[in-house]
Amino acid sequence: MLIRTPDDIPPSEITPPDVYRERRRFMQSLGGLALGAALGAPAAGAQSLPGVRRGAMTLDEAQTPYRDVTTYNNFYEFGTGKADPARYAGSLKTRPWTVAIEGAVKKPGVFDIDTLLKLAPLEERVYRMRCVEGWSMVIPWVGYPLNALIRQVEPTGNARYVEFHTLHDPAQMPGQRARVLDWPYVEGLRLDEAMHPLTLLAVGLYGEVLPRQNGAPVRLVVPWKYGFKSAKSIVRIRFVEKQPITAWMAAAPREYGFYSNVNPNVDHPRWSQARERRIGEFRKRDTLMFNGYGEQVASLYRGMDLKTYF
Ligand code: MTE
């Protein structure tokens, strides 16, 4: 990401706030304050999503506490600090909300978010997420495979890639008043990646409606790629023939390739990607190829040199 730390210190080397919080929590629990449980659960007043079933390919791994998932975020539309999205995303209006389907499809159109929510059964999928900055989380998302929507709109033979556009509205997204990125935030996938059953259109987490700071009302979740591929607050999905230039590729082409698969063997030009800090843990762990989803996705890249197509 665009890091403003002295001498290119990778962000994972700086003790993040969650580690301080974890220490403080530990001290508090020693003092008899039973805060841990409260911090792990969704906030009172969050709106729960009914009828969510357990999805496939869901992990049985310790989940990152709700509080960390919703207060340690990257959402540059609300500022570049990790706490900024939780602090400032209140100005985002998530209703009415529409998602336009455009380009090489037989059935283009505009979906109202509440129609989109009912397009397929909602599933809970616990996924590992790895940010390019060197931290990771385990998040119980709620959503359904993006392929349910793609099938509905029937891509034509010219559809080889899919673009995802975030809302562009500086009145609601104060971070867009600064030219940190060339807004709107645009991300992209190859059509087969977008069709992969792991790729989710997410509308919630921890059984609740997606908090604004996590990309309400609808975002992408692509667990085998660095977190920035998972575009938030999507208003447009466009099917195209040519590989899109994403917002991060435009900002720093040497640092952010189109594929951006989690790959411990390809360093970011300014830091190693070999290890990561799971939010809430002290010791770093080894980063896994394709974020541990190799069995499911490696075949998508057979024959490709992943150092060239990073
Ligand atoms: N989407 C938009 N529109 N703007 C962003 O700045 N940040 C990305 C991604 N999606 C980002 C975005 C990055 S770098 C990461 S790591 C994830 O969102 C973080 O998602 P989370 O805050 O829900 O954990």
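Keep in mind that the model is predicted.

**Around the ligand**

- Let's start with the neighbours: the ligand is surrounded by 16 residues.
- Asn73, Tyr76, Glu77, Arg219 and Lys232 are the closest of these.
- Sorted by class, this shell holds seven nonpolar, six polar and three charged residues.

- At Tyr76, a polar backbone atom is 2.8 Å from an oxygen atom of the ligand.
- At Asn74, a polar backbone atom lies 3.2 Å from a nitrogen atom of the ligand.
- With Thr166 the side chain takes part: one of its N or O atoms is 2.9 Å from a nitrogen atom of the ligand.

**The largest pocket**

- Now for the pocket: the largest one contains about 440 Å³ of space.
- Its lining is made up of 24 residues, and those closest to the pocket's centre are Gln47, Arg95, Val203, Val209 and Leu210.
- Which helix and which strand each supply at least two residues of this lining? They are helix H4 (84-88) and strand E9 (208-209).
- By class, the lining of the largest pocket has 15 nonpolar, five polar and four charged residues.

Conventions: Residues are numbered from 1 along each chain as its sequence is written. This is a predicted model: local features need pLDDT of at least 70, side-chain atom pairs count only at pLDDT 80 or more; totals for chains, interfaces and linings use all residues. Side-chain values use heavy atoms; hydrogens and water are left out. A residue is near a molecule or strand if one of its heavy atoms lies within 4 Å of it. A polar contact is a pair of N or O atoms within 3.5 Å; within protein, one must be able to donate a hydrogen and the other to accept it, and residues adjacent in sequence count only if both atoms are side-chain atoms. Ala, Val, Leu, Ile, Met, Phe, Trp, Tyr, Cys and Pro count as nonpolar, Asp, Glu, Lys and Arg as charged, and the others, Gly among them, as polar. On a 1 Å grid over the protein atoms alone, a cavity is a set of points where a 1.4 Å probe fits but cannot get out, and a pocket is an open set with protein on both sides within 12 Å along at least five of seven lines; lining residues have an atom within 4 Å of a point. Grid points are joined across faces, edges and corners, and a volume is the space filled by probe spheres set on the points. Helices (H or I, at least four residues) and strands (E, at least two) are DSSP runs, numbered from the N terminus.
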